[in-house]
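Welcome, and please take a moment to turn the model around before reading on. We will start with one chain as a whole, then look at some of its parts, and finish with a single residue in its partner.

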Amino acid sequence: MSAPVLTEQALPPVPAAPKRSSWSGYLRQPIVALSVLVLLVMVLMAVFAPLIADEPTGAGPEVLQSPSGAHWFGTDDLGQDVFAQVVWGARTSLVIGLAASLIAIVLGTTIGLTAAYFRPVDAVATVVTDVMLALPTLPLMIMLAAVVSPSVWTLTLIIGFFAWPEVARLIRSQGLVISAMPYIDGARVLGATGWRIVTREILPAVVSLMIVSVLLTASRAVISEAGLSFLGLGDPDAWSWGRILLNAQRSGTIAIAWWQTLFPSLAILLLVLAATLAGMRFNDNRDPRRNGG
Amino acid sequence: MVRFVLSRALKAVLTVWIAITSTFFLLRLLPGDPTTLMVEGDMTPEMQAALLKTYGLDRPLWEQYVSYLRELIQGNLGISFRQIQPVTDIILDRLPWTLLLAGCAFVLTVAVGIPIGVTAAVNRGKWLDRALQGFGISANALFVPSVAILLLVFFGAQLGWFPIGGAIDPDTRGTAAYLSLAHHLVLPVLSLVLVQLGPYALTLRTNMIEVLGEDYIRAAQARGLSARRRVWKHGLRNAILPALTLMGLQLGTLVGGAVLTETVFAYPGVGRLIYEAVGQQDYPVIQGAFIMLAVTVVFANALTDMLYAVLNPRIRL
């Protein structure tokens with residue numbers, strides 16, 4: 001819900017994948033280490049959710065309890081444990097975030113690179129990208145999600161399908177720089193086909209930008225999923241952080257039970273912040289001008 | 001100039017047309033199409049066929065598309081499934097509230113973002129600059145409903161300074177009504193501004209730093225102009241233009257944020273309407289709301305581009 005973190009101007013003119021030594025340098029930055037730690041904890045929480053807490057179902061007798069030793073994050077108006085809801089919600093957020101971002105990266109990279117190398121494609125791709133970027137994305141996703149029966153997979157498809165334009169724009173602008181480099185001319189002179197040049201010569205040069213895009217797109221996808229779930233368009237069979245907020249909204253407990261909204265909100269904030277910071281630091285790190293080549 | 005305005009308006013129309021066309025066909029390709037949503041399960045096949053005929057859904061796809069476009073151009077967005085009322089009327093009833101909310105958030109973001117961005121750029125590396133960078137990056141992780149709920153709980157429920165929902169107290173008249181309107185607007189607008197402000201001020205800061213390194217700023221310095229005049233007169237004028245374009249591009253997320261904020265504060269705009277329509281599966285209202293919001297955003301964006309051309313003396317049209 002904010003400005004793109006990466007602008008085309010922010011890209012280094014010459015791309016370079018981080019060398020092995022800079023990987024450890026990357027992880028040794030305190031902010032990066034902390035972000036990676038948060039991401040790891042979230043992943044473990046999602047994978048081992050059944051071991052951490054029972055899946056919240058049905059109603060319990062302890063209604064609207066504030067946080068205590070028995071219920072760390074308190075309980076909601078049905079007596080369900082909010083901690084369990086947050087733990088199980090991590091699954092939905094992470095699965096949708098990652099899967100949607102992979103869809104967006106594959107689509108965006110394909111379209112961006114094809115546009116960068118094949119001139120006729122560029123005109124069409126640019127128009128389509130511009131149109132997609134000009135539209136209000138959330139209302140667009142709402143409209144589609146309202147028609148299909150919402151499930152984790154339909155949401156993933158919808159979110160992934162509308163996240164590619166920003167990736168395509170980033171990859172295209174980087175691809176244009178590389179297409180103009182002498183070694184691409186060299187490959188052409190040697191008789192390489194367009195397909196070979198795009199996949200073997202240009203693609204490797206944008207891989208590190210793709211890694212950054214995965215993290216940043218995934219964080220946007222998590223926010224989108226939470227937004228759709230909050231509006232009642234989430235998977236009714238899967239817990240999600242947006243759904244916990246929706247339950248508080250529907251039952252009118254927002255103003256009374258602060259714990260029901262605070263903890264899922266913190267989960268969203270932590271996950272997205274960690275992914276964004278890790279992505280941005282990775283982007284800084286791959287800039288050869290700052291690393292001295 | 002006239003040519004530029006016309007071509008920019010044409011581009012906006014084209015964008016809206018592509019959006020409407022692609023969503024029209026996409027929606028009919030998806031598994032759960034609107035006809036099955038509308039037709040209740042316990043109807044006889046004859047009744048279903050009759051209902052489909054009434055809405056023209058039995059005709060070939062391209063015929064449906066042509067008549068859909070014809071109706072759209074005349075401002076007809078169909079009839080709501082739940083309220084027997086034209087969708088256009090329902091949405092036009094709500095749209096002013098969303099425009100008021102988003103407009104106030106827009107103006108406030110720019111009004112507060114400019115001084116913060118410029119001050120941070122001038123005092124690079126100082127505390128304000130550092131705070132702005134941290135805030136700008138973490139704003140990316142702010143989830144609008146979370147911010148809205150936090151404000152509602154703290155300033156609305158706990159402190160009781162502001163109302164926790166609605167847009168106006170219906171019992172007020174005259175000046176009191178305007179005050180009540182503003183009073184109800186504070187928290188929803190603040191939720192949007194908090195999310196938008198950081199990235200906006202950060203962009204302005206980056207532009208400003210670039211501009212302050214330009215030759216004409218040094219020339220101004222050599223001519224003996226005061227620092228204040230250099231920064232606020234010569235610098236800002238050049239840094240603000242790219243920031244204007246950015247703000248135009250951000251209108252889509254601003255509207256998306258408004259949908260979520262309105263839901264939290266039960267604010268009677270299009271966003272709250274969408275939330276209600278989702279709950280009632282009122283499909284034509286959801287589609288109509290998207291089209292109206294898309295048209296609003298695309299044309300507002302075109303307007304900022306035109307404004308850019310008017311303000312930028314380097315573009316001679």
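This is a predicted model: local features need pLDDT of at least 70, side-chain atom pairs count only at pLDDT 80 or more; totals for chains, interfaces and linings use all residues.

Chain B has 13 helices and zero strands. Along its principal axes, the C-alpha trace of chain B spans about 85 × 55 × 40 Å. The chain has 317 residues, and buried ones make up 37% of them. If you take the contacts in chain B between residues at least 6 apart in sequence, 71% of these join residues at least 24 apart.

Let us now see what a record says about this chain. In an unreviewed entry, UniProt lists residues 95–304 of chain B as "domain: ABC transmembrane type-1". In the model, that span is 82% helix and 0% strand, and its end C-alpha atoms lie 20 Å apart. UniProt, again in an unreviewed entry, also gives "transmembrane region" for residues 12–30, 97–122, 134–161, 181–202, 239–265 and 285–311 of chain B. Two of these are worth a visit. Residues 181–202 of chain B are 100% helix and 0% strand, with end C-alpha atoms 31 Å apart. Residues 134–161 of chain B are 71% helix and 0% strand, and here the end C-alpha atoms lie 29 Å apart.

Next, a pair of helices. Two packed helices are described by the angle between their axes and the distance between the axes. In chain B, helix α7 (residues 144–158) packs against helix α11 (residues 251–265) at an angle of about 35 degrees, and their axes are 9 Å apart. The crossing of α7(B) and α11(B) is right-handed. From α7(B), the contact is made by V144(B), P145(B), A148(B), I149(B) and L152(B), while α11(B) brings G257(B), L260(B), T261(B), V264(B) and F265(B). Eight of the residues in this contact of α7(B) with α11(B) are nonpolar, two are polar and none is charged.

For a contrast in setting, find helix α4 (residues 61–73) of chain B. From its first C-alpha to its last, this helix of 13 residues reaches 18 Å, close to the 18 Å expected at 1.5 Å a residue. How many of the 13 residues of α4(B) are buried? The count is zero, and α4(B) is hardly covered. After α4(B) comes G75(B), whose phi is positive, near 85 degrees.

Now turn to where the two chains meet. Here 56 residues of chain B are in contact with 39 residues of chain A. Among the elements that give two or more residues to this side of chain B are α1 (2–29), α6 (127–138), α8 (175–212) and α12 (270–280), along with α7 and α11. Helix α13(B) gives the most, with 10 residues. The side of chain B that touches chain A divides into 37 nonpolar residues, 18 polar and one charged.

Our last stop is in chain A, at T92(A), which has its place in helix α4 (residues 82–117) of that chain.

Terms used: Residues are numbered from 1 along each chain as its sequence is written. Chains are lettered from A and ligands numbered from 1 in the order in which they are written. Helices (H or I, at least four residues) and strands (E, at least two) are DSSP runs, numbered from the N terminus. A residue is buried if 20 or more other C-beta atoms lie within 10 Å of its own, exposed if 12 or fewer, and partly exposed in between; C-beta atoms are placed from the backbone. Two residues are in contact if their C-beta atoms, placed from the backbone, lie within 7 Å. Axes are lines fitted to C-alpha atoms, for helices over the stretch in contact, and angles run from 0 to 180 degrees between N-to-C directions. A crossing is left-handed if the near helix is turned anticlockwise from the far one by less than a right angle, and right-handed if clockwise. Ala, Val, Leu, Ile, Met, Phe, Trp, Tyr, Cys and Pro count as nonpolar, Asp, Glu, Lys and Arg as charged, and the others, Gly among them, as polar. The expected span of a helix is 1.5 Å times one less than its number of residues. UniProt positions are given in the numbering used here, feature names are shortened, and annotations may be inferred rather than shown by experiment.
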